[in-house]
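Please examine the structure shown below together with its sequence. The paragraphs that follow lead through selected features, beginning with the backbone.

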Amino acid sequence: MENKIIPYTMLSEALNSTQELIERILPEYGMPSLRIGLEKINSVLDDYLQKAQEGFPIVGYHFAFPGEYLQCYDCVPVCLEASGYFLATLLLHGVEKYYDLIANFGHPYHTCSAQKASMAFTLDDLFRFDAIITPTAPCDSTCASYPFFRYEGKFPLIIADLPFRFDEKGYEYYGNQLKLSLTKLGKEIGQEPDYKKLKMALELENKTNKLQLEIFELAKTIPSPIENMYNAVSAATAILIPGTIEKYEFYKEMLEIAKYRYRKKVHHGGEEHIRSIWPYMLTFFDISLCEYLDRELGMSILFDIFNYNFSDPINTRSDLNTMFYDMAKKGMGWPMVKQSIEFYYPFINDCVRFAKEFSADCFIFTQSLACKQFGTVPQLLKEALKEIGVPMLIIEFDVGDARMTSLATMKEKIKMFSQTLL
Ligand code: SF4
């Protein structure tokens, strides 16, 4: 049977060799998040690849659509953004040749690299989806890029319309949109939604979120018991393997490690000198930056955008409408979706509150060229944080493409900034 998800095969092979390196090179307790996370992700990817071989429908989804919602179908869920970004992390030269491929096709260079790699994979016939599902979120870049999959890839594209209002009416509307779009998806792949299976996945996610929240709370302590790498690996597990027991196990094991470090007051990198919050993204083109900051600068990354968005547990015991209402609330509180609401006042308020609650010494804001909707926010946030005495460094970059701001430049900027803090 033809392989319709070659990038996932590439990812699985890259994960295998990275895992082998970790086993051979790292000391037994070195970077546990990487060791545990890659093992869990690999196990789920193997399962997905097996199912793809057996002919299960391949459903692409935007990372802003919580992937566990797809568990009402027997399908292979493939996150378009995670495919590109985690290959950018694991392959020697990332996915630069795919960024160039889609640029040569005529796609504007200033759009988000989150979608660009998967667009190029499609152009190169490496991805063949039976359907793709996406919300109209979190940004213009996403909304302008996804029609490519319909018109060039010829894949059925199902869109859940996200309202502007983030209140009861908005949640009702989006809950309805989720239900409609999942029903449409079922028609495309010839299946009826299995709500029992969906409930089980949601309940597992409720339990997983509780663990994530406990880890988040532990990051308030000094020194932080969370290694920087945890943030990157957690982002990967959250969007690549949602609703799985492996994801739950990853956070369970990480929580135990964080509790141990908390009790012993130990820091992964030796000594913690600076506590930083990254309200947007880390560098996915090279996650070794996390380890460099921990070990060379003693700078903790308390959390990044994928690790501070929490929502109430989804009520699966009531009627379907209540469940979809809660699913909508969760989806609208998702990383980048939540930050794009209103005129960024909630985002700025959250950041000021976090700065105080987590005893942050500084913020590092990575501004992506593609995030047009966010272009004006860093300066406003910088001014708000200045009022409470917390400095912020702004670095313009492309999260997946090292050619815009290299790792060396990132390190240099952060090192110089850190000298102003000590
Ligand atoms: S990084 Fe910015 S442009 Fe890319 S998907 Fe997120 S919000 Fe959109």
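Is Lys154 buried or exposed? In this predicted model, Lys154 is exposed, with a relative accessible area of 64%. The residue belongs to the loop that connects α7 (147–151) with β4 (157–160). Although Lys154 is not a glycine, its phi is positive, at about 60°. Ser359 is another residue other than glycine with a positive phi, here near 50°. It is located in the loop between α14 (345–357) and β7. Ser359 is partly exposed, its relative accessible area being 33%.

Cis peptide bonds also deserve attention. One of them runs from Ala137 to Pro138, with omega near 0°, and Pro138 is situated in the loop between β3 (131–135) and α6 (140–145). Ile222 and Pro223 are likewise joined by a cis peptide bond, for which omega is about -5°. The loop that holds Pro223 lies between α9 (195–218) and α10 (228–240).

The discussion now turns to a sheet. Four strands form an open sheet in the order β6-β5-β7-β8, and their pairing is parallel. At its edges are β6 (299–301) and β8 (392–397), each of which pairs on one side only. On average, neighbouring strands of the sheet are turned by 30° against each other, direction ignored. Strand β7, comprising residues 362–368, is paired with β8 in the parallel sense over 6 bridges. Within this pairing, Ile364 stands opposite Leu393 of β8. Helix α16 (residues 407–419) packs on the sheet, where it touches β5 (274–277), β6, β7 and β8. The direction of α16 makes about 170° with that of β8.

In soluble globular proteins, nonpolar side chains tend to be buried together. The largest nonpolar core of this model has 151 residues. Among those with the most contacts inside that core are Tyr8, Leu182, Met327 and Phe363. Beyond its neighbours within four places in sequence, Phe363 is in contact with residues including Ile277, Cys351, Leu385, Leu393 and Phe417.

A further packing arrangement involves two helices. Helix α3 (residues 80–90) packs against helix α5 (residues 113–123) at an angle of about 95°, and their axes are 7 Å apart. The two helices are therefore roughly perpendicular. Residues of α3 including Leu80, Tyr85 and Leu87 meet residues of α5, among them Ala114, Ala117 and Phe121. Classified by residue type, the contact of α3 with α5 contains 6 nonpolar, 5 polar and 1 charged residues.

Terms used:
Residues are numbered from 1 along each chain as its sequence is written. This is a predicted model: local features need pLDDT of at least 70, side-chain atom pairs count only at pLDDT 80 or more; totals for chains, interfaces and linings use all residues. Side-chain values use heavy atoms; hydrogens and water are left out. A nonpolar core is a set of buried Ala, Val, Leu, Ile, Met, Phe, Trp, Tyr and Cys residues joined through side-chain atoms within 4.5 Å. Buried means under 20% relative accessible area, exposed over 50%, partly exposed in between (1.4 Å probe, protein chains only). Contact means heavy atoms within 4.5 Å. Two strands pair if DSSP finds at least two bridges between them. Axes are lines fitted to C-alpha atoms, for helices over the stretch in contact, and angles run from 0 to 180 degrees between N-to-C directions. Angles under 35 degrees count as roughly parallel, over 145 as roughly antiparallel, 65 to 115 as roughly perpendicular and the rest as oblique. Ala, Val, Leu, Ile, Met, Phe, Trp, Tyr, Cys and Pro count as nonpolar, Asp, Glu, Lys and Arg as charged, and the others, Gly among them, as polar.
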